[in-house]
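Please open the structure in your viewer and keep the selection tool at hand, as this tour moves from one part to the next.

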Amino acid sequence: MLIGLISDTHIPDRARIIPQNVLDAFKDVDLIIHAGDLTIQAVIDELEKIAPVLAIQGNMDRVAGLDLPKARTIDVEGVKIGVAHGEVYPRADTQQLLYLAKQLDVDILVTGHSHQPKIEQVEDVLLLNPGSPIVPRLADRTVMLLEVNDKNVDVEIIKIGAPVCSALDFTQYPED
C-alpha cells in the first residue's frame, strides 16, 4: 500500500491552496494521512479527490473548530501506524514522540507540528514527520511517501519546491 503523508498545510491562513506539486506527488497513493493543522475541511475534501484521507487534529485545528480526533491508529498489512500532531513543547522531541508511540502501541508514528521532515528509527519505532508543503521551518517544502508491502516499509521524502498551485482556490469554500 502506498500512503501519502502530509502535515501543517495551514490553509487558508498561510496559503490559499494546496500546491499542485503535492497533488502530483500523491497521484498514485492508496491513502493520504494528514497529521494536523489543516485549518479547514476543504483540505480534506481536495485530497479525497485523490484517495481516502485519514486526518487528525493539530493545535490550529482546535482554533478553527474542526472536529477531528487527536490521535488515530490503523493497521496496514500487519504494520500498526499511529498518527498524532505532536507535542507542543519541545517540538519534535524524540523522547516524547517515542513515549507517544508506546502509548499508542504502534510500529510507526506519523506526526507534524515541527514543519521539518524527519525519518528516525528509535528502538522499535519508526518516527516520521512529512514536514510542511506550505510553511517549512529551516527545511524545504516537503511531503512523504510511505510504502508498506507485507510488513516491509519504505519511506521517501518528496521535495515540493517553489509553490506551483492547482487551479482550485479555497476562497470559494466557506470557512468551517
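Begin by selecting strand β5 together with strand β6, residues 108–110, and you will find that the two pair in the parallel sense over three bridges. Within this pairing, Val 83 has Val 110 of β6 as its bridge partner. Bear in mind throughout that what you are viewing is a predicted model.

The hairpin formed by β4 and β5 has two residues between the strands, and in its turn Glu 77 shows a positive phi of about 50°. If you colour β5 (residues 79–84) by burial, five of its six residues come out as buried, so the strand is mostly covered, where buried means under 20% relative accessible area.

Next, select Phe 26, Ile 32 and Leu 47, which touch the most other members among the 26 residues of the largest nonpolar core. Helix α2 (41–47) is one of the elements that give two or more residues to this core, and its four residues are the largest share. Which residues surround Phe 26 when its neighbours within four places in sequence are left aside? Its contacts include Leu 5, Ile 32, Leu 47 and Val 143. Another core, of 20 residues, lies apart from the largest one, and Ile 3, Leu 54, Ile 81 and Leu 126 are among its members.

Finally, turn to the largest pocket, with a volume of about 200 Å³. Twelve residues line this pocket, and those closest to its centre are Gln 57, Arg 62, Lys 70, His 85 and Gly 86. Its lining divides into four nonpolar, five polar and three charged residues.

How values were computed. Residues are numbered from 1 along each chain as its sequence is written. This is a predicted model: local features need pLDDT of at least 70, side-chain atom pairs count only at pLDDT 80 or more; totals for chains, interfaces and linings use all residues. Side-chain values use heavy atoms; hydrogens and water are left out. On a 1 Å grid over the protein atoms alone, a cavity is a set of points where a 1.4 Å probe fits but cannot get out, and a pocket is an open set with protein on both sides within 12 Å along at least five of seven lines; lining residues have an atom within 4 Å of a point. Grid points are joined across faces, edges and corners, and a volume is the space filled by probe spheres set on the points. Ala, Val, Leu, Ile, Met, Phe, Trp, Tyr, Cys and Pro count as nonpolar, Asp, Glu, Lys and Arg as charged, and the others, Gly among them, as polar. A nonpolar core is a set of buried Ala, Val, Leu, Ile, Met, Phe, Trp, Tyr and Cys residues joined through side-chain atoms within 4.5 Å. Buried means under 20% relative accessible area, exposed over 50%, partly exposed in between (1.4 Å probe, protein chains only). Contact means heavy atoms within 4.5 Å. Two strands pair if DSSP finds at least two bridges between them.
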